[in-house]
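Dear colleague,

Please find the structure below, followed by a summary of what was found in it.

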Amino acid sequence: MNNSVGIVSAQRASFDTPLVFRSGAVLPRYELVYETYGTLNADKSNAILICHALSGHHHVAGYYADDLKNIGWWDNMVGPGKPIDTDKFFVIGLNNLGGCHGSTGPSSINLETGQPYGSSFPVITVEDWVTSQARLADLLGIGQFAAVIGGSLGGMQALQWSLSYPDRVRHVFAIAAAPHLTAQNIAFNDVARNAILTDPDFHGGDYYRYNVVPTRGLRLARMLGHITYLSDNAMADKFGRDLHAGQLNYGYEIEFAIESYLRYQGDKFAAYFDANTYLLMTKALDYFNPAHDSGGDINRVFARARASFLVISFTTDWRFSPQRSREIVRPLLHNRLNVNYAEITSTHGHDSFLMQDPYYLDVMRTYLDKVARECGQ
Amino acid sequence: MMKNDTARFAVERPDFAAIAAWIPTGATVLDLGCGDGSLLRYLKETREVQGYGVEINDADIVSCIANGVNVIQNDLESGLADFEGNSFDYVMLSQTLQATRHTEPLIQEMLRVGREGIVSFPNFGYWKNRLNILLGNMPVSRELPYQWYDTPNVHLCTLDDFETFCRDHRVAVLERRVMTGGNEVHVLPNLLGSTAVYRFQRGI
């Protein structure tokens, strides 16, 4: 537990101001669970918001008193003396609205019906998340974040912060992100959704009332997703053509090690993640397209941004390749915004943003040291 | 710190001082192969430029960030596609020209992206280099600190060569400064100058 923030506990914030979604749907009240690490300084200038990706949540760093092995998903990045240094920053991790880790989502009970929201939970967008995150910031008394940081879908939220609330964020970290999904990205998401939607246990999203879970669909969705998070080389290095039981059996049971790995990952995921949340998250990804509102002109969209940006990509990430990060960099250059762009040589594909790479950590640490100095830490 | 940098640059990088002298306050500059960002930082502090650097080396990217300089990690050889036409007042290439493989297209790219280009490079026609060759060895010096087998310098040239290149490629030289060890050279520059800095624009 070296350099850990130590024992942490989740907190819960309730909001009773209705949230109007981009779709027009309204959520009259909702709750967000979050964790905080470090101390908010006197002028409240050292707050950092961590936005999570598709399957993430509020437990970013540390561990729980009653579950020491449950270590936060970005514990290698967040902690005392780590790049996101909790000795200097007040760090907030939250579970996004629509999630399945405690914030109001499809599996939560709708107080008006006494039943889980299920299929009635509104389809959510990145903009909606950022609106809800800003309300959490209001509640915590944070007018402006020193930085909003996220990888993948989290990076999209960080970018959206600079557009939705230009004056409320000084630095935006978009790591392994993209300015919008490509047709191929959407295609992968749609196959994943179809796996869930066609599972006989899905029941139109209201499986809770049947006491079943569309496990088969969810595990297929996760298996597919997992393939896209890894690089061809990383898979070859880790599994190659290794056989699970040492020999071919000429049948359809698990034969290759990669099959065993994917099924294990699928099963593990399906045991704790909510299928409706998975659907919502993939839709939020598909919808994200800040250029949409200005006729596709992303240069015009970023004209209102005020933040400084750190954009990071990974060479073997083919889900959101370095080329996609350059698409983020260009409108920032066009608008003469401060931007640093680092392309990390890494073998781990899209998942690289969660890994320990010395150069990646160096870039993060060096940039954040500068951010810390700006807020007098 | 700033004063020290200025003094240090005058000795170690006389081309920096020459470049800085050409850059007006508040200009927009793009520094190609910007290294650790010290020139950009110097220009930011002394000329209040709005600057970006392009660099490929990981350690230099980290140094640029530490120096508070905007840097884009990119291979110059793949062009400047991330940068829009006419988006900078000056595009600079200091002590890097001789190490570029696609030298011709890079100069054209500089003049697509910038109103003016600035390059500095070691003069291969400097008399000490000529003497080395005459004596039968490839020159190794402060400006050319490599052995023939490990040098990144694939396109070395003399001042005359560069000026011929400019004429042939419709590049108009606006100003030239030639130096040896920090001192300006006016007489027989192609023979007596060890380093040259050129400012140029698209010719007609």
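This is a predicted model: local features need pLDDT of at least 70, side-chain atom pairs count only at pLDDT 80 or more; totals for chains, interfaces and linings use all residues.

**Surface patch on chain B**

Helix H6 of chain B (residues 127-134) gives the largest share of the patch, three residues; helices here are DSSP runs of H or I with at least four residues, numbered from the N terminus. B:Trp127 lies in this helix and counts as partly exposed because its relative accessibility is 37%, between the limits of 20% and 50%.

**Interface of chains A and B**

The contact (heavy atoms within 4.5 Å) takes 22 residues from chain A and 21 residues from chain B. Two salt bridges cross the interface, a salt bridge being a side-chain nitrogen of Lys or Arg within 4 Å of a carboxyl oxygen of Asp or Glu. B:Asp82 forms a salt bridge with A:Arg326, with the closest N and O atoms 2.6 Å apart.

**Conventions**

Residues are numbered from 1 along each chain as its sequence is written, and chains are lettered from A and ligands numbered from 1 in the order in which they are written. Local features need pLDDT of at least 70 and side-chain atom pairs count only at pLDDT 80 or more, while totals for chains, interfaces and linings use all residues; side-chain values use heavy atoms, leaving out hydrogens and water.

Yours sincerely

Key
Helices (H or I, at least four residues) and strands (E, at least two) are DSSP runs, numbered from the N terminus. Buried means under 20% relative accessible area, exposed over 50%, partly exposed in between (1.4 Å probe, protein chains only).
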